[in-house]
Amino acid sequence: MVDQLLFKIPGVRSMMGKLVGLHVLQAFLIIGQTLSLSAVLVGLWQGDSFQSQLHWVGLFILTFVLRHAENWLINGMLDKFAQNKAKEIRTQLLQKTFELGPSMVQREGTGNMVTLTLDGISQVKDYFELVLNKLVNMMVVPIIILIVAYYLDWVSGLIMTIVYPLIILFMIVLGYAAQAQADRQFETFQRLSNHFIDSLRGIDTLKYFGLSKPYSKSIYRSSEDFRKSTMATLRIAMTSTFALDFFTTLSIAVLAVFLGVGLINGQETLYPALVILVLAPEYFLPIRNFANDYHATLNGKNSFHKIMELINEKPAKRVETSLHAWQANDELKLSNLGFAYAETKRGLAPLSVKFKGYQKIGIIGMSGSGKTTLINLLAGFLTPNEGGITIEGQKLTTLNDPNWQKQLTYIPQTPYIFSASLRENIAFYHPEATDAEVQEAIQVVGLTEMVNELPEGLDTEIGSGKRALSGGQAQRIALARAFLDQNRRVMVFDEPTAHLDIETELELKEKMLPLMKDHLVFFATHRLHWMKQMDYILVMEQGQLVEQGTYDQLLANPDGAFNRLVSQMRGGKAHA
């Protein structure tokens, strides 16, 4: 239930210190409540008038009210603490996501990252609230109650001492089973999240090929796996809760029988026996609450551990050079540059290539050929495992350099649309842009008609479900961002038209090509019609650079990889 990483969160130890003090006070309030209640009952049993017991009644009411007021204070304090820490952790997770770039999202899965950032943080908040309070309560209150029990009747105290470890041992056995099942449930949920997001992304393609209904069976199987793992976890939780309640109730019953026999034989007096009997449920209550909430916090623990692993992940090697803005006579050279993913040991075989000045570099290949890996290396999102880089005469081991990356305009398959106005989205790279400049960008990329239809024009809120946009409109906004910031002379496109229909793509193509003038452009795609407009082409195949050259050079080699790719994709020649 308790993750060791929890104690590395700033402020947790201080909060636990405060909770220890509050729970010590609570233990004394419980004892005062028990002593006063027992005194009233014993006095009335012995025939004393109710008026003579009013001072004990007043003490009982006072301790009762103070106890519940303290619970309210503890819950409020923990809620504020957990909310602040959850907010900090979400900020750290988002910062780490931006720091590590698309490689982290690709590795973990988009669905999983979205789930962790939204639902996962909520589970972490609940985890903080429950585990800190229950843990301290279990460590403090039973010990103080046990001291009182030993003072009143050492035999009863001994019985309570012997039973407690047995219950803890039982909790540990069931806890391991519950943890293993919860881990499987968490893994299943991660797969379901990623599967669902990937399905939504590819729904147009699936419908186009008539595979949407058959593919729904795959989603159904994933959801069924998650349902089964969830029910298995609940089954263990309910079984362990029942068993724990049974054993604690049985322990209290044994103690009651022992005290009753002592009273009958004259070995016990009524007052201490009644105090111990009333205190016994309070003695076992913290461990019961801890065990009951164990299952409720397993998801929170798993989410917390995964999030902290990501936050504590060491960033890729970063350099900082004195690179100037890319110019027409600058040169970028890759020498035996290679990369391998840790999970698969595959990625990109060592390649050597040189780029100079303002060029349009086409990177083409089938899915899985290594295009995105090369793009991520060029953008500095990945650090090469081998080889070297020479840029503007400076030798580097990675392009993870702020002076390089601030020159980039990165346009992925699905550009991110922020929850903000259309103006703020377009001016993302250039926030000080004037309305006239924004309007010019809108006209260049063909968004004028859409803007005219918006109720509030440039001030219309888009993103996060506020205003629906088509894939083509989202790409146009990304292009408008690129046009608006003319200082960025390096453009990186990673399959920017992969999810668009051919008519929208061809229309966008007319807008995109002029924007590439006087830029160094890296354009990764599997669409052949782009290659005719590229100055130089890299042909990728199974993680290797298998051919490179101009369009005419590649086309002139009938046995080359480019012509082979044409045959695979279109079953014909590259002319069109």
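Which residue stands opposite Asp494 in E10? In this predicted model, the residue of E10 facing Asp494 is Ala524.

**The sheet**

Strand E9, residues 490-494, and strand E10, residues 520-525, run parallel and are joined by 5 bridges. Both belong to an open sheet of 6 strands with mixed pairing, ordered E6-E9-E10-E3-E11-E12. The edges are formed by strand E6 (408-411) and strand E12 (544-549), each of which pairs on one side only. On average, and with direction ignored, neighbouring strands of this sheet are turned by 15 degrees against each other. Helix H17 (residues 561-569) packs on the sheet and touches strand E3 (360-364), strand E11 (536-541) and E12. The direction of H17 makes about 70 degrees with that of E11.

**The helix pair**

Helix H14 (residues 471-484) packs with helix H15 (residues 502-515), their axes lying 11 Å apart. The angle between H14 and H15 is about 5 degrees; because angles under 35 degrees count as roughly parallel, the two helices are therefore roughly parallel to each other. The residues that make the contact are listed by helix below.

| Helix | Contact residues |
|---|---|
| H14 | Gly472, Gln475, Arg476, Leu479, Phe483 |
| H15 | Thr504, Glu507, Leu508, Lys511, Met512, Leu515 |

By class, the residues of the contact of H14 with H15 comprise 5 nonpolar, 3 polar and 3 charged. Leu479 and Phe483 are among those contributed by H14, and Met512 is one of those contributed by H15.

Key:
Residues are numbered from 1 along each chain as its sequence is written. This is a predicted model: local features need pLDDT of at least 70, side-chain atom pairs count only at pLDDT 80 or more; totals for chains, interfaces and linings use all residues. Side-chain values use heavy atoms; hydrogens and water are left out. Axes are lines fitted to C-alpha atoms, for helices over the stretch in contact, and angles run from 0 to 180 degrees between N-to-C directions. Helices (H or I, at least four residues) and strands (E, at least two) are DSSP runs, numbered from the N terminus. Angles under 35 degrees count as roughly parallel, over 145 as roughly antiparallel, 65 to 115 as roughly perpendicular and the rest as oblique. Contact means heavy atoms within 4.5 Å. Ala, Val, Leu, Ile, Met, Phe, Trp, Tyr, Cys and Pro count as nonpolar, Asp, Glu, Lys and Arg as charged, and the others, Gly among them, as polar. Two strands pair if DSSP finds at least two bridges between them.
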